[in-house]
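Please keep the sequence and the model open while reading.

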Amino acid sequence: MKNIILIAPPAAGKGTQSELLVKKYGYVHISMGDLLREESTKDTELGNEIKRLIAEGTLVNDDLTIELIRKKLNSIKGQHFCLDGFPRTIYQAHEFAKVLEELGNPDYIVLYLDLSKDAAYARINGRLICSCGKSYNIYDENLKPKVAGICDKCGKELVKRSDDNAESFKVRYETVLNNFADIKKFYQEQGKLETVNVERDVMEIFHDIEKVIVDD
Ligand SMILES: [Zn+2]
């Protein structure tokens, strides 16, 4: 089984696919956002640095991000990982190649979850989230809550994400795609990139992903 680097624009269903991969194949899901939050609660040099940067409103820099990934991957050595939210810049991608080398070059595939801007917006528009972290979409049969407006998992009331409006969405989407262009090219040149069309049923997408993560 291959390790996975998930690259996806907003609303591509990254969370849902990660969840399926964890459940069926036991991947360790590593979300950069979670790692940063987790580390910032620790009283370590790294934790305090992240806390300081977050308090200042500064973006956490590339080297720090790479350090976090290195630490995490070393701590789960031997297990398969599914990386989400990293690399975000071409510099991170280059540095990450060195981390993988240190780890003995584990086999991996880069999955790019592809959907059009219009499809992405339609999803964003129907997206509801719960404070427990679970997200839903009223326009998607597979992602609808069982009871309208209520979280299946914890029963709390669902809310719309505050930045889920057309204008901020377009800005976010285009910025993200611009950043991805170089990263995708980098992995494509190494024959590591697999593009998956995600404007389809969740399980159809998952089956396609399954085909490429299995070792030849
Ligand atoms: Zn919930």
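## Basis and strand pairing

Two strands are taken to pair if DSSP finds at least two bridges between them, and the strands (E, at least two residues) and helices (H or I, at least four residues) are DSSP runs numbered from the N terminus. The model is predicted, with local features requiring a pLDDT of at least 70 and side-chain atom pairs counting only at pLDDT 80 or more, while totals for chains, interfaces and linings use all residues. Residues are numbered from 1 along each chain as its sequence is written.

Strand 1 (residues 3-7) runs parallel to strand 4 (residues 108-114), and five bridges join them; Ile 4 stands opposite Ile 109 in strand 4. Strand 4 is also joined by five bridges to strand 7 (residues 193-197), again in parallel, and Tyr 112 has Thr 195 of strand 7 as its bridge partner.

## The nonpolar core

A nonpolar core is a set of buried Ala, Val, Leu, Ile, Met, Phe, Trp, Tyr and Cys residues joined through C-beta atoms within 7 Å. A residue is buried if 20 or more other C-beta atoms lie within 10 Å of its own, exposed if 12 or fewer, and partly exposed in between, with C-beta atoms placed from the backbone. The largest such core has 33 residues, of which Ile 4, Leu 6, Ile 7, Cys 82, Leu 83, Leu 111 and Leu 113 touch the most other members. Among the elements that give two or more residues to this core are strand 1, strand 3 (81-84), strand 4 and helix 5 (90-102).

Leaving aside residues up to four places away in sequence, Ile 4 touches Leu 21, Tyr 27, Cys 82, Leu 83, Tyr 108, Ile 109, Leu 111 and Ile 213, where contact requires C-beta atoms, placed from the backbone, within 7 Å.

## Packing around helix 2

Helix 2 (residues 32-40) packs against helix 4 (residues 62-75) at an angle of about 90°, with the axes 11 Å apart. Helix 2 is therefore roughly perpendicular to helix 4, a description that covers angles of 65 to 115 degrees, whereas those under 35 count as roughly parallel, those over 145 as roughly antiparallel and the rest as oblique. Met 32, Leu 35, Leu 36 and Glu 39 of helix 2 make the contact with Thr 65, Leu 68 and Lys 72 of helix 4.

Helix 2 also packs with helix 3 (residues 45-56), at about 110° and with axes 7 Å apart. In this contact, Leu 36, Glu 39 and Ser 40 of helix 2 meet Leu 46, Gly 47, Ile 50, Lys 51 and Ile 54 of helix 3.

How values were computed
Axes fitted to C-alpha atoms, helices over the stretch in contact; angles between N-to-C directions. Contact = placed C-beta atoms within 7 Å.
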